[in-house]
Amino acid sequence: MAFIPGKSAIGFIGIGVMGKSMARHIQQAGYSLHVYTRTYAKAEELLREGAVWHESPGELAAACEAVITMVGYPQDVEEVYLGRDGLVAQAKEGAYLLDMTTSSPRLAGRIFEACAAKGLHALDAPVSGGDIGARDARLSIMVGGEQADYEAVLPLLRLLGSNIVYQGKAGAGQHTKMCNQIAIASGMMGVCEALAYARNAGLEADTVLKSIESGAAGSWSLSNLGPRMLAGNFEPGFYVKHFIKDMRIALESAKEMGLNTPGLELAESLYRQIAEKGYEDKGTQVLFKYYLGL
């Protein structure tokens, strides 16, 4: 199937911190954008710009050649895809369904099988890059599913990301995202510890950041979230509650494989403590508060 701006209808479910920017890129490329989100107000800006509202995932699916989902938790993914009025039940034959939520690799496999039985094309395509990457269409996109389906949806994915890699069969995208989150989890502890150390040593932490972010210690988190930590800006580019969800999926998957992940276990426990203190709706950089004594 060829997706043609001005002719093809593309659905987007989940208009959140990242989803709104992603959906807007689809719309600005000339596609007919169809949206559904549980909170209508989150979609109002896109609707004023010409998007079409639907009352349910199923109603949206029946109108679209492709549907992209960016929701919160695996249970949300399962409901949107496999529910009674979900995408699999209502999508047009031959439609492409792309889940860009970070979700369970096992669930991605179930969705793929359900779609294949109905002549639908399913891809798991989680992303990394946060609100900045979504806004600037520079997301890293990790894709699992049939390679031919991946190649068919590349024109859409290129509107959203700058690093798009096919990883393999269904679930491979989600497994790759788990690798990403595991690396971030331990890395975030390192960033927070380094900047807390700088402050406790009486250094100008902003100046320290200038020295270390371009050397061997450099990372996306250090360069993009380090300044937010030092400025006391803990608003979400990616929610603590969603990061905890991701880490728990990774821990479960690692356990199934018999893999020890002590760094991941420690990070999950620290973020759990942060959430219990009322910071679950803040950005992941709020872990810095743990090192400052909350």
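Let's start with the cysteines. The sulfur of Cys64 lies 15 Å from the closest cysteine sulfur, the one in Cys115, and that is too far for a bond. A disulfide here is a pair of cysteine sulfur atoms within 2.5 Å. Cys115 is in no disulfide either. Search the whole structure and you find zero disulfides.

A word on the model. It is predicted, so local features need pLDDT of at least 70 and side-chain atom pairs count only at pLDDT 80 or more, while totals for chains, interfaces and linings use all residues. Residues are numbered from 1 along each chain as its sequence is written, and side-chain values use heavy atoms, with hydrogens and water left out.

Are they buried or exposed? Buried means under 20% relative accessible area, exposed means over 50%, and partly exposed is in between, using a 1.4 Å probe and protein chains only. Cys64 has 0% relative accessibility, so it is buried. Cys115 is buried too, at 0%.

Now take Tyr197. Tyr197 sits in helix H9, residues 172-200. Helices (H or I, at least four residues) and strands (E, at least two) are DSSP runs, numbered from the N terminus. Tyr197 is exposed, because its relative accessible area is 63%. Compare its position with Leu157: 40 residues apart in sequence, and 40 Å apart in space, C-alpha to C-alpha.

Next, the strands. Strand S8 (residues 139-144) and strand S9 (residues 161-168) run parallel, joined by six bridges. Two strands pair if DSSP finds at least two bridges between them. Within this pair, Met142 stands opposite Val165 in S9. What do S8, helix H8 (residues 147-157) and S9 make together? A right-handed β-α-β unit. Right-handed means that, with the strands pointing away from the viewer, the path from the first strand over the helix to the second runs clockwise.

Last, a pocket. On a 1 Å grid over the protein atoms alone, a pocket is an open set of points where a 1.4 Å probe fits, with protein on both sides within 12 Å along at least five of seven lines; lining residues have an atom within 4 Å of a point. The second largest pocket has a volume of about 420 Å³. It is lined by 22 residues, and the closest to its centre are Pro74, Ser104, Arg248, Ile249 and Glu252. Which helix gives the largest share of the lining? H12, with nine residues. H12 spans 240-257, and helices H4 (74-82), H6 (105-116) and H13 (262-279) also supply at least two residues each.

How values were computed. Points joined across faces, edges and corners; volume = space filled by probe spheres on them.
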